[in-house]
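This report is an introduction for a reader who has not seen the structure before. Please look over the sequence and the model, then read the sections below.

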Number of protein chains: 2
Amino acid sequence: MFSEILSHIRRFVPLDPEEEALLASLLEVREVKKKEHLLQAGEICKANYFVAKGCFRLYLITTKGAEQVIQFGIEDWWITDYAGLKSGKPSGFYVQAVEPSTVVVLNKEAEEVLFEKIPQLERYFRQVLERAYSAQLTRIHYVFNLTGEEQYKMMRDKYPDFVQRVPQYMLASFLGITPEFLSMLRAKKD
Amino acid sequence: MFSEILSHIRRFVPLDPEEEALLASLLEVREVKKKEHLLQAGEICKANYFVAKGCFRLYLITTKGAEQVIQFGIEDWWITDYAGLKSGKPSGFYVQAVEPSTVVVLNKEAEEVLFEKIPQLERYFRQVLERAYSAQLTRIHYVFNLTGEEQYKMMRDKYPDFVQRVPQYMLASFLGITPEFLSMLRAKKD
DNA sequence: CAAAAAACTTAAAGTAGTTTAAGAAAGACT
DNA sequence: AGTCTTTCTTAAACTACTTTAAGTTTTTTG
């Protein structure tokens, strides 16, 4: 069950067999039921999660009481509240399984040991985060420069499977539009 | 002139004197005039830039021909097109000085050498990127859940100096509203 | 497999922000 | 110091999207 994460890491940095064994000994595989939370607002975030199988959403409850989806995480993505993990303060985020999923758990304590014994892992995460950060800047660009309709069409054309995979109200929230408006967009044949 | 960057790095990881000397030998200080570009769309991005003094904006030209400010970088921030730096493909972004500035240039080749000789630097950038990524997720949240007016007031109250520092049309673009609308918001006394 | 809960649809009225256009003020260069 | 360029302002007409409300379909669960 570690094969997914090990091969992902190997795409960025080399790993020798002892390192792989150490990883396997300190990482933890966890099955997560649909709608189960890995993190809830108010809790202390204690781990980073690698999605080996399934789909998660990172969301928060706005001051108006609505759920706002900030980020989705599917296979080969890491998902967590990095700020909360670092600060040790109660998180403002929820991380929830959108479908039955499997994650590899990297606990904060394990992380410290692993970074010390396998310095290459710092390199791996640096690169993973460079990508993630770039992706967010690109997203900001789309949010400001595409209408809701254009964004939806782009998602639908670029990630047709993903659009089918998550409930429409979550996708609407992620795109920053109401579920009613997304429903209307879908009804319209272009 | 390296003191700013060295003390920033030391806030995250320890550095011994030889490492500091190596850094000083491979980093480059560069004065940048107001409106001068460190990167233009179509060029290959060759470096990451640490803002020692001054202010930059990362922007792009939209399909409609308008400038869209994606990110500002002030003192102690790194600014670059990480995706372009990694891929080696022509960038879609511009990085321009908003005011007379001083940057420390970390060239791609120097980066490779430094990461190899000072593994702690990977750790430094991992942490810098964790912050930057978190900040972008928080920003996405604000973009979706605050009106333009609320966002402007938050900026004004939280970063009063910064709001004075950049031209209003750039701030408007960063906030995702038109300069005309921002002007109207400012005129309104609350 | 029935009942309840969750997710999706439709449509009308309302609003936050854009667009356009023109003028005023501030900054920069010779 | 004066001209040219850049930045900021004002206001009216317009639009992409929200809100509200009610009904329909799909999924989950005992």
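## DNA strand C

Of the atoms of DNA strand C that lie within 4 Å of the protein, 76% are part of sugar or phosphate, and the rest belong to bases. The model described here is predicted. DNA strand C is surrounded by 15 residues, and the closest are A:Q168, A:Y169, A:S183, B:G148 and B:T178.

In chain B, a backbone N or O atom of B:G148 lies 2.6 Å from a phosphate oxygen, and an N or O atom in the side chain of B:K34 is 3.3 Å from a phosphate oxygen. At least two residues of the surface near DNA strand C come from each of α8 (168–175) and α9 of chain A and α9 of chain B. The largest share, three residues, is that of α9(A).

## DNA strand D

DNA strand D has 15 residues around it, the closest being A:K34, A:G148, B:Q168, B:Y169 and B:S183. Sugar and phosphate make up 76% of the atoms of DNA strand D that come within 4 Å of the protein. The surface near DNA strand D has five nonpolar, six polar and four charged residues.

Which atoms of B:S183, B:Y169 and A:G176 lie by phosphate oxygens of DNA strand D? For B:S183, a polar side-chain atom lies 2.9 Å from a phosphate oxygen. For B:Y169, a polar backbone atom is 3.0 Å from a phosphate oxygen, and for A:G176 a polar backbone atom is 3.5 Å from one. The elements that give two or more residues to the surface near DNA strand D are α9 (179–187) of chain A and, in chain B, α8 (168–175) and α9 (179–187). With three residues, α9(B) provides the largest share of that surface.

## A four-stranded sheet in chain B

Chain B contains an open sheet of four strands in the order β1-β8-β3-β6, with antiparallel pairing. Its edge strands, β1 (28–32) and β6 (78–79), each pair on one side only. Strand β3 (residues 47–53) pairs with strand β8 (residues 101–107) over six bridges, in the antiparallel sense. B:F50 has B:V104 of β8(B) as its bridge partner.

B:T102 is also found in strand β8 of chain B. Is B:T102 buried or exposed? B:T102 counts as buried because its relative accessibility is 6%, and buried means under 20%. Its side chain makes a polar contact of 3.2 Å with the side chain of B:E31. Leaving aside neighbours within four places in sequence, B:T102 is in contact with B:M1, B:V29, B:R30, B:E31, B:F50, B:V51, B:A52 and B:K53.

## The nonpolar core

The largest nonpolar core has 88 residues, and among these A:Y124 and B:Y124 touch the most other members. Apart from neighbours within four places in sequence, B:Y124 is in contact with B:H8, B:I9, B:F12, B:V13, B:F50 and B:W78. One of these contacts, B:F50, is also in contact with B:T102.

## Loop residues in chain A

A:D81 lies in the loop between β6 (78–79) and α3 (82–87) of chain A. With a relative accessibility of 6%, A:D81 counts as buried. A polar contact of 2.7 Å joins its side chain to that of A:S91. Not counting residues up to four places away in sequence, A:D81 touches A:L39, A:C45, A:S91, A:G92 and A:F93. A:E150 is 69 residues from A:D81 in sequence and 29 Å from it in space, C-alpha to C-alpha.

Two other residues of chain A have a positive phi of about 75° without being glycine: A:K35 and A:D76. A:K35 is in the loop between β1 (28–32) and β2 (37–39), and A:D76 is in the loop between β5 (67–74) and β6. Where A:K35 counts as exposed at 57% relative accessibility, A:D76 is partly exposed, with a relative accessible area of 29%.

Terms used. Residues are numbered from 1 along each chain as its sequence is written. Chains are lettered from A and ligands numbered from 1 in the order in which they are written. This is a predicted model: local features need pLDDT of at least 70, side-chain atom pairs count only at pLDDT 80 or more; totals for chains, interfaces and linings use all residues. Side-chain values use heavy atoms; hydrogens and water are left out. A nonpolar core is a set of buried Ala, Val, Leu, Ile, Met, Phe, Trp, Tyr and Cys residues joined through side-chain atoms within 4.5 Å. Buried means under 20% relative accessible area, exposed over 50%, partly exposed in between (1.4 Å probe, protein chains only). Contact means heavy atoms within 4.5 Å. A residue is near a molecule or strand if one of its heavy atoms lies within 4 Å of it. A polar contact is a pair of N or O atoms within 3.5 Å; within protein, one must be able to donate a hydrogen and the other to accept it, and residues adjacent in sequence count only if both atoms are side-chain atoms. Ala, Val, Leu, Ile, Met, Phe, Trp, Tyr, Cys and Pro count as nonpolar, Asp, Glu, Lys and Arg as charged, and the others, Gly among them, as polar. Two strands pair if DSSP finds at least two bridges between them.
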